[in-house]
Amino acid sequence: MHIPQIGLGTFRLKDTQAIDSVRTGLELGYRHVDTAQIYGNEQDVGTALRQSGIDRNDIFVTTKVWTEHLAGDKLVPSLEESLRKLGLEQVDLALIHWPSPGGAVPVAESMAALMAARERGLVRAIGVSNFTIPLLAEAIAAVGADNIATNQVELHPYLQNRALAGCMADAGIHLTAYMPLAYGKVMQDPVIARIAAKLGATPAQVTLAWLMGKGYAVIPSSTQRTNQAGNLAARELRLAPEDGAAIDALERGERLVNPDFAPRWD
Ligand SMILES: NC(=O)c1ccc[n+]([C@@H]2O[C@H](COP(=O)([O-])OP(=O)(O)OC[C@H]3O[C@@H](n4cnc5c(N)ncnc54)[C@H](OP(=O)(O)O)[C@@H]3O)[C@@H](O)[C@H]2O)c1
C-alpha cells in the first residue's frame with residue numbers, strides 16, 4: 001500500500017469551500033485527499049472528485065470512522081454510509097479516527113470490523129489515528145503490523161512525537177503527520193523563516209520538506225490556491241542536515257489537538 005506523500009486535509013471545510021479546495025488541489029496535482037465522517041464534508045469531497053474528471057484509480061481517498069461507530073455491528077454500516085456520501089465503491093484507506101473514549105469498545109473489536117470491511121472490498125487498506133504506543137500495540141496484537149497501513153497523528157516542529165515515531169519505525173508502520181503546519185503557527189517561526197529565506201522557499205515548504213524528509217506523509221489543508229500549490233512543491237525541496245537539526249531542536253511538546261476524550265498521550 002503506497003500512501004502518496006502529500007495529501008489535502010479537509011478538516012473545517014464544508015460546502016462550497018470544501019468542494020473548491022479539493023477541486024483546486026486536484027487541478028494542481030494533488031492525488032490524495034483526507035476526509036472523515038465527523039468533518040461532515042464527505043459529500044462535498046465526492047462532488048469535487050467527480051467534478052475533477054480525474055480517473056478514480058489515480059486518487060487516494062482516506063476517510064475516518066467516528067467514535068460512535070467503532071462497535072463491531074456499527075463500523076461496516078458507517079463505512080457504507082461514507083461510501084454513499086462520497087459516491088465511491090471503495091475508499092483507499094479507512095482509519096479509526098480516535099481510540100474509543102474510555103476504552104468502551106475494545107481495539108480488537110474495531111480492528112476486526114475494519115478487516116471485515118476490507119474483505120468485503122469497501123476499503124483497500126485500514127489503519128488508525130491518534131493511537132498511542134500502548135493502543136498501537138493492542139492494534140498490532142489484534143491484526144498484525146502488516147495490516148496497519150498508517151497511524152495518523154499530530155506531528156509538526158513543536159510536537160515531534162519521537163517516542164511514538166520510533167516505535168512505529170521499529171514496527172514498520174507508516175506515519176501520517178496531521179496538522180503539519182501547526183495550524184499555521186510555523187509561519188511565524190524565526191528559525192524556520194531563516195531557513196526559508198536562505199533557500200528561497202516559504203516556511204510552509206520548509207516544514208513540509210522537513211516532515212517528508214523523515215519519511216512521513218503530510219496532509220496540510222489550505223483554502224488558498226497559491227498556498228496549496230506552494231505546499232505541493234515542497235516535494236522538490238531538500239533540507240541540509242544542519243537545517244533539519246535546527247528544526248528538530250524546536251520540539252516543545254505543544255499539542256494543539258487534545259479533546260477531552262483523548263487517550264493518555266505518550
Ligand atoms: N486525525 C485527526 O484527528 C486530525 C486532526 C486534525 C487534523 N487532521 C487532518 O490534518 C489536516 C491538516 O490539519 P489542519 O488543517 O488542522 O492544520 P494545518 O494543515 O497544519 O494548517 C492549516 C492552516 O495553515 C494555513 N496554511 C496552509 N498552507 C499555508 C501556506 N503555504 N502558507 C500560509 N498558510 C498556510 C491554512 O490557511 P489558508 O487556508 O489561508 O491557506 C490553515 O489556516 C486536516 O485538514 C485534517 O484532514 C486530522
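## The second largest cavity

The lining of the second largest cavity splits into seven nonpolar, two polar and no charged residues. Here Ala, Val, Leu, Ile, Met, Phe, Trp, Tyr, Cys and Pro count as nonpolar, Asp, Glu, Lys and Arg as charged, and the others, Gly among them, as polar. The residues around this space are L70, I96, P99, S100, V105, P106, V107, S110 and F131, and the second largest cavity holds about 40 Å³.

A word on the source: this is a predicted model, where local features need pLDDT of at least 70, side-chain atom pairs count only at pLDDT 80 or more, and totals for chains, interfaces and linings use all residues. Numbering runs from 1 along each chain as its sequence is written, and side-chain values use heavy atoms, with hydrogens and water left out.

## The largest cavity

Rolling a probe the size of a water molecule over the atoms shows where empty space is left. A cavity, on a 1 Å grid over the protein atoms alone, is a set of points where a 1.4 Å probe fits but cannot get out, and lining residues have an atom within 4 Å of a point. Grid points are joined across faces, edges and corners, and a volume is the space filled by probe spheres set on the points. That rule gives three cavities of 30 Å³ or more.

What lines the largest cavity? You'll find N130, F131, T132, V153, N161, L164, R255, W265 and D266 there. That lining is made up of four nonpolar, three polar and two charged residues, around about 40 Å³ of space.

Why is strand β5 largely enclosed by the rest of the structure? Because six of the seven residues of β5 (residues 123-129) are buried, buried being under 20% relative accessible area and exposed over 50%, with a 1.4 Å probe and protein chains only. Strands (E, at least two residues) and helices (H or I, at least four) are DSSP runs, numbered from the N terminus.

Strands pair if DSSP finds at least two bridges between them. β5 pairs in the parallel sense with β4 (residues 91-96) over five bridges, and I96 has V128 in β5 as its bridge partner.

## Helix α10

Helix α10 (residues 241-248) has D243, G244, A246 and I247 as its buried residues. They sit on the same side of α10, because they cover an arc of only 155 degrees around the axis, taken from the directions from the helix axis to the C-beta atoms. P241 and E242 are exposed on the other side of α10.

Notes: 1 Å grid on protein atoms, 1.4 Å probe; cavity = no way out; pocket = protein on both sides within 12 Å on 5 of 7 lines; lining within 4 Å.
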